[in-house]
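Subject: Structure for you to look at

Hello,

Here is the structure I promised to pass on. Please open it alongside this email and follow the residues as you read.

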Amino acid sequence: MPLQFQKRQAQQELTFKARVEEFWQWYAQRADRFYKLLEDEISKSVLDETTEIMDKLSLDFAWVFGPGEAGPGEPGRSFTLSGEDVLQKQLLAIYWASRAPRLDGWTFYASRQPSPPEIFETMRMNFEGQDLNPLEFWLTPTIDEEAEKVNLTVWHPLYAGVPEEKARLGAFYVFLDEILGEYGTGHWIGAVTASDRQLTDAMPLTELYGFIENLETEKGWQKFPPGEATIAYEREYPQNRFLRDDIFVGSTTLFDLLADYEDAQGNMEDPLTGTGADYVFVSMDAQLFPQGQEVEARDVIESALESALKFEQSGWILGRAFGTQFAYLDLMLFDGENSVKIVERVLREQNLPAGTAINFFAKEKTSQRAVL
């Protein structure tokens, strides 16, 4: 069986950047000892110590120790932090991994990695009181050219007598993530349906990874990690009921955040509660930007913000938009008030007019809004 992810939750107090820095300082001091303890089998002391630091720092992620690479062809150990298929948690996990020190023999992952096919020979799951063997899943793939994904019809001999689609596919998705990894399922798999009867022209689950590798080469479809794929959007009827309601065009790496904010009409609960990170957006008078040069003028401000936040490892740009009254830049900040001060400093250096503001997406933090 693969190692089981451990998940814990605890109280919050530090910014996410501070928590990550403390975690890596802690890990670097124990890396050699952990490596030796894990060479043969999982040590209870390693799990207990890691659980303790995750609790202390409120790093509410699934995590696991596993195999890695010490060098080309050399075995090593790995530690993985998983966003559990939740995009904003995946972004936090990517930031965590980006701050990892170089430690001999260790590899660090920000998502669950695909498992080798041979591991499925011993994996089992209890399914409706019976022992489910993942090697008995059979799949018929259908390529969705428009969505650039693969739809799957799935059959397993234990599906007989279990009519509920959710129950049937719940077990399948567990093994699907093992085959494709955390990003692979979201990137490549579209609709999945369970079949009542054995399929013709089907493949075993263990061949799916190779099928998708060949498809990627054949089609040239590009799949990007979380935070790197940008979605362009338009709003047909911009209004002015609340801030950002005037937007008519924009692009983002986190569309769900914008959709939730609009659904809440600017009165959104904090989606990052307990993490020590923040979603904010800068609002600037749209009249500031010369007609015909709006994008170029905004890009100068965006580049300055991106450079300063990257230098301090304190935040990322998530998106940008134009409205009838304001232009916007959306950010994910990792270092609380320190990150806000960096944004304030850059905006002042750009000589932006009074009324330029840093706004929190979360309604609980609107009182912390900084206005220039």
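Y261 is found in helix α6. Helices here are DSSP runs of H or I with at least four residues, strands are DSSP runs of E with at least two, and both are numbered from the N terminus. Please note that this is a predicted model: local features need pLDDT of at least 70, side-chain atom pairs count only at pLDDT 80 or more, and totals for chains, interfaces and linings use all residues. Residues are numbered from 1 along each chain as its sequence is written, and side-chain values use heavy atoms, with hydrogens and water left out.

Y261 counts as buried, at 5% relative accessibility. Buried means under 20% relative accessible area, exposed means over 50%, and partly exposed lies in between (1.4 Å probe, protein chains only). Leaving aside neighbours within four places in sequence, Y261 is in contact with F242, L243, R244, G266, M268, F281 and F361. Contact means heavy atoms within 4.5 Å. Y261 and K363 are 102 residues apart in sequence, yet 9.8 Å apart in space, C-alpha to C-alpha.

Now go to D270. D270 lies in the loop between α6 (255–263) and β13 (278–285). D270 is buried too, with a relative accessible area of 13%. Its contacts, leaving aside neighbours within four places in sequence, are A362, E364 and K365.

**The nonpolar cores**

A nonpolar core is a set of buried Ala, Val, Leu, Ile, Met, Phe, Trp, Tyr and Cys residues joined through side-chain atoms within 4.5 Å. The largest one has 48 residues. F16, F23, Y27, F65, F79 and W106 touch the most other members. Helix α1 (residues 16–38) gives the largest share of this core, 10 residues. Apart from this core lies another, of 29 residues, among them L176, I179, L180 and L205.

**Two helices side by side**

Axes are lines fitted to C-alpha atoms, for helices over the stretch in contact, and angles run from 0 to 180 degrees between N-to-C directions.

In the contact, α1 residues including F23, W26 and F34 meet α2 residues including V46, I53 and M54.

**An open sheet**

4 strands form an open sheet in the order β9-β8-β7-β10, with mixed pairing. Two strands pair if DSSP finds at least two bridges between them. β9 (189–194) and β10 (203–204) stand at the edges, each with a single partner strand, so one side of each is left without a neighbour in the sheet.

β7 (residues 138–144) and β8 (residues 149–155) pair in the antiparallel sense over 7 bridges. They form a hairpin with 4 residues between them. E148 in the turn has a positive phi of about 55°. P141 stands opposite L152 in β8, and T142 stands opposite N151. β8 and β9 pair in the parallel sense over 4 bridges. There, A194 in β9 is the bridge partner of V154.

Finally, helix α4 (residues 165–188) lies across β7, β8 and β9, running at about 160° to β9.

Best wishes
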